[in-house]
Amino acid sequence: MHVALTGATGFLGLRLLRRLLDTNRSLTVLAHAGSGDALRRIIRFFELTGATEAFVAALPGRLRVVETDLAQPRLGLPARAFRELADGLGTIWHSAGSINLEGDLPELRRTNVEGTRHLLELAGAGRGRPVLHHVSTAFVAGARREGVAYEDELDDASGFENAYERSKYEAELLVHAWSREHGRPALVMRPSILVSDLPPHPELPAHPLLVVERILRDARGAAGLRDPDRPRVRMVGHPHGHLNLLQVDHAAEVMVRLAGRRPSGGVDTYHVVHDRDVPVPTVVTLLEQLGPLSVELVPVKPEAPSALEALLDFYPGMTAYLAHRRRFDDTRVRSLLGPSGASAPVGLDYLWSGLAPPGRTRTGSPDAHAALSSSRHA
Ligand SMILES: NC(=O)c1ccc[n+]([C@@H]2O[C@H](COP(=O)([O-])OP(=O)(O)OC[C@H]3O[C@@H](n4cnc5c(N)ncnc54)[C@H](OP(=O)(O)O)[C@@H]3O)[C@@H](O)[C@H]2O)c1
């Protein structure tokens, strides 16, 4: 059955595409209309990540690119092209979305909620009743900072840390409503924070955590700090906090394996997460080295914030997670995939490699070495 993928030029989508090409001779890429040559970007990804020349040369013949805009009814396609596209599909992977943690709700809803609605219309219109594989996020669990988030939970009782989380939650609600209304199966995969150790490259999609590096750089600039300055910053966080970070390549592998399982008939939801969380102190060391700055975790916002603290507080996506101590339960994934679903540890070395600006080494700070070696043995 023919497979289509949205978001194939994205950080995760490219890895999904690589996995899907292992088992599919050809694929349809539902590319983002007007955002640059998708095929060229896909080819560059494979060239830069070690694919063989023969594999790369075959890509234009294996990928059919259809220009679409998720935010538009019928994905911006004429009625006939929309129907023909739908009729030719057996599986639709929906990985496109906006991951802008600083975005406002109307903007995020356009891509993440309305985009999902339009994609569901495509899945609903297909005569072959295509199966939907929807990429959500573990962070639909929202602002619940402690306890365990289970795979079958979906509610807004704790509110959300930012508009991104809410938009992904609303998108999942649409998938449930669609499945109920049409009696159709759907898979919802909820990855945690995806990371890579591939160094930043202008022709590759930005590592989602790179936004942290940019925010720190912008805030330092706006606060008038110079290069050697290493200011002290109080950030709300919990010293026993932890975050779930998962290698993006591993996430894609797990998702494609899950998609190969027989669907239950309703919505099957999976937490695609690491089996070991990264302690907040490791994340703090990373921030301190990226800054550079010196971070003090505090239980509540300082009453008289410095200029830098006020600027950092402006970015809701960035600091809220340092206070998180919840765990994502992935019993369903583990019971289906067993121990092969587990991934290698994510340490400071790995994270630094995927985030550090070119030419920056970790040696600037003397305690960085100690922190690095302790994380290696964690
Ligand atoms: N990255 C993470 O840490 C993470 C964690 C959990 C869940 N997720 C979820 O995983 C999915 C993929 O994330 P990602 O990291 O790959 O994001 P990304 O690198 O920002 O890629 C987003 C993709 O969506 C496409 N897109 C954006 N707006 C579109 C529109 N209006 N119409 C059609 N396509 C559009 C982009 O195309 P262009 O590049 O051409 O604009 C790109 O291919 C998202 O649903 C996200 O919520 C990501």
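**View 1. S26 in the loop between helix 1 and strand 2.** S26 lies in the loop that links helix 1 (13–23) to strand 2 (27–32) of this predicted model. Helices (H or I, at least four residues) and strands (E, at least two) are DSSP runs, numbered from the N terminus. S26 counts as partly exposed, at 30% relative accessibility. Buried means under 20% relative accessible area, exposed over 50%, and partly exposed in between (1.4 Å probe, protein chains only). Not counting residues up to four places away in sequence, S26 touches H2 and R62. Contact means heavy atoms within 4.5 Å. L63 is 37 residues from S26 along the chain, yet their C-alpha atoms are separated by 5.8 Å.

**View 2. E213 in helix 7.** E213 belongs to helix 7 (residues 210–222). Its relative accessible area is 8%, so E213 is buried. Neighbours within four places in sequence aside, E213 contacts L290, L355 and P357.

**View 3. Helix 13, mostly covered.** Helix 13 spans residues 348–355, and six of its eight residues are buried. These are L348, Y350, L351, W352, G354 and L355.

**View 4. The stretch 364–378.** The chain averages a pLDDT of 90, and 94% of the residues score at least 70. Over residues 364–378 the pLDDT is below 50. This stretch has 14 contacts in the model beyond near neighbours in sequence. pLDDT is the predictor's confidence in each residue, from 0 to 100. Where pLDDT is low, the predicted coordinates should not be read in detail.

**View 5. The whole chain, for orientation.** The chain holds 14 helices and 15 strands. Its radius of gyration is 21 Å, close to the 21 Å that the globule rule gives for 378 residues, so the chain is as compact as a globular protein of that length. The radius is taken over C-alpha atoms; the rule is 2.2 Å times the number of residues to the power 0.38. Along the principal axes, the C-alpha atoms fill a box of roughly 60 × 50 × 40 Å. Of the 378 residues, 50% count as buried. Among contacts with a separation of 6 or more, 82% join residues 24 or more positions apart.

**Notes to all views.** Residues are numbered from 1 along each chain as its sequence is written, and side-chain values use heavy atoms, without hydrogens or water. In this predicted model, local features need pLDDT of at least 70 and side-chain atom pairs count only at pLDDT 80 or more, while totals for chains, interfaces and linings use all residues.
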